Amino acid sequence: MSDDVRKDRYSRRGFLGLGSAVAAAGLLSGSQVSADEQQSEKAKSDRSASTPVQTNPQLDAQNPDSLRPPISDAGGVPTFKYPFSLSHKRLHEGGWSREVTVRELAISKSIAGVDMRLTAGGIRELHWHTAAEWAIMLYGTARITAIDSDGKSFVGDVKEGELWYFPPGIPHSIQGLKPDGAEFLLVFDDGNFSEYETVLLSDWMAHTPREVLAKNFGVKESALENMPKKELFIFQAEVPGPLAEDQRAAAGTLGKSPHDFAFRTMELPVTKRTRGGEVRIIDSSKFKVSTTIAAALVTLRPGGLRELHWHPNADEWMFFASGKARMTVFATGGRARTMDFQAGDVGYVLKTLPHYIENTGDTELKFLEMFKSSYYQDLALSEWLRHTPPELVMAHLNIDRATLEAMPKDEGVVLPE
């Protein structure tokens with residue numbers, strides 16, 4: 001695909017858009033809106049909104065749009081938020097992990113996520129998955145190893161903001177480096193994935209007859225007596241030596257893999273930058289090995305808006321890395337729900353459903369948009385309306401031409417422009 005075609009995909013299809021809920025709200029006359037606003041204010045101030053029974057004030061404070069939903073919310077929309085803070089944490093000498101899968105977030109059927117921490121020297125043991133693994137470094141540095149489908153080795157160091165991707169069945173490992181190890185987010189292209197169900201080297205060896213291992217490796221059984229009797233998963237070890245030494249030792253007779261399983265994110269130009277923030281799109285057109293997962297890395301400044309939009313090709317799995325946000329998802333049948341998000345929360349939006357993300361805090365909001373797809377795609381509400389015959393749009397929304405022409409002509413991505 002040519003660069004012009006890719007550029008056309010990002011700019012003309014629109015990076016983000018509004019939700020039909022807001023479009024529906026636009027159908028209301030000024031008097032109706034005024035009446036609704038008055039009714040909403042009355043509900044907030046009278047006893048109808050009171051809660052005489054004790055609640056969890058900390059949770060209420062973090063979720064104001066659930067405590068008192070906006071008047072545009074309607075009907076039942078399944079929960080599309082789950083905090084990593086509520087996930088069970090597997091603690092080991094050398095680090096920990098916790099996950100959000102379809103078991104925690106019921107609508108998250110296409111993608112699962114794991115938050116993992118490794119100390120300096122801590123190892124996520126040699127293993128592989130039946131799902132593809134996409135990852136971003138959230139903190140620190142780590143060394144990753146793998147072999148490709150031809151048995152050739154890959155060894156590389158990754159730092160904060162950088163990515164890696166391992167296809168299903170590709171064996172790999174992760175180890176924290178000095179000074180303080182690493183924390184990273186793992187994203188898998190299967191919502192039913194679990195870190196409890198991976199192929200681990202130690203577990204495999206423990207469940208293979210010792211005489212078979214001895215025959216396979218060409219050694220005496222006595223040489224294998226100290227092998228682990230159960231899985232290691234995460235364990236503490238010494239910090240590895242210089243990268244070049246590990247690369248040379250792993251290369252062996254086959255040499256290094258021609259595939260780069262890591263991606264230097266900051267070497268990629270920003271896809272879109274406005275006064276409201278910036279976005280980087282990373283899919284297989286940029287990160288060649290990432291054939292099943294596409295991503296957008298979004299930063300919104302205080303008050304910034306990830307414009308109303310939808311994704312025609314895939315569900316969206318989201319991770320909020322910092323800041324505060326709210327998101328309204330508009331569903332079929334005139335249903336809509338608004339939820340609030342903080343750092344460490346996971347969000348999920350089903351394919352084709354309109355939504356937006358707004359920075360409601362006083363610091364930068366940073367979040368990831370993840371898709372089970374080789375390419376990124378979205379459509380923006382404003383761009384759709386501006387590329388539809390004007391009379392048709394004005395008839396739908398009961399607005400005048402001046403209002404229509406004030407709307408952005410093309411995708412805004414993050415607002416204000």
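Biologist: Looking at contacts in the chain with a separation of 6 or more, what share comes from residues 24 or more positions apart?

Modeller: First, a heads-up: this is a predicted model, where local features need pLDDT of at least 70 and side-chain atom pairs count only at pLDDT 80 or more, while totals for chains, interfaces and linings use all residues. Residues are numbered from 1 along each chain as its sequence is written, and side-chain values use heavy atoms, with hydrogens and water left out. A contact means heavy atoms within 4.5 Å. Counting that way, residues 24 or more positions apart account for a share of 77%.

Biologist: How many helices and strands are there in the chain?

Modeller: Both are DSSP runs numbered from the N terminus: helices (H or I) need at least four residues, and strands (E) at least two. In this chain the tally is 11 helices and 25 strands.

Biologist: Which residues have the most contacts inside the largest nonpolar core?

Modeller: A nonpolar core is a set of buried Ala, Val, Leu, Ile, Met, Phe, Trp, Tyr and Cys residues joined through side-chain atoms within 4.5 Å. The largest one here holds 53 residues, and strand E16 (residues 294-300) gives the most to this core, with 6 residues. A second, separate core of 25 residues includes Ala 112 and Ile 144. Back in the largest core, the residues with the most contacts are Trp 134, Trp 317 and Met 370.

Biologist: Which strands stand at the edges of the sheet?

Modeller: Two strands pair if DSSP finds at least two bridges between them. The open sheet of 7 strands runs in the order E1-E21-E18-E23-E16-E15-E14, with antiparallel pairing. Each edge strand has a single partner, so one side of each is left without a neighbour in the sheet. Those edge strands are E1 (81-83) and E14 (272-274).

Biologist: How far apart are the closest N and O atoms in the salt bridge of Arg 143 with Asp 157?

Modeller: Side chains of opposite charge can pair when their charged atoms come close. A salt bridge is a side-chain nitrogen of Lys or Arg within 4 Å of a carboxyl oxygen of Asp or Glu, and the whole structure has 16 of them. For Arg 143 and Asp 157, the closest N and O atoms are apart by 2.7 Å.

Biologist: Is Arg 143 buried or exposed?

Modeller: Its relative accessible area is 4%, whereas Asp 157, at 24%, counts as partly exposed. Arg 143 also meets Asp 246 in a salt bridge (2.9 Å, N to O), and Asp 246 is partly exposed at 29%. With 4% falling under the 20% limit, Arg 143 is buried.

Biologist: Which helix holds Asp 246?

Modeller: Asp 246 and Arg 143 link distant parts of the chain, 103 residues apart. Arg 143 lies in strand E6, and the helix holding Asp 246 (residues 243-251) is H8.

Technical notes. Buried < 20%, exposed > 50% of the residue type's maximum accessible area, 1.4 Å probe, protein only.
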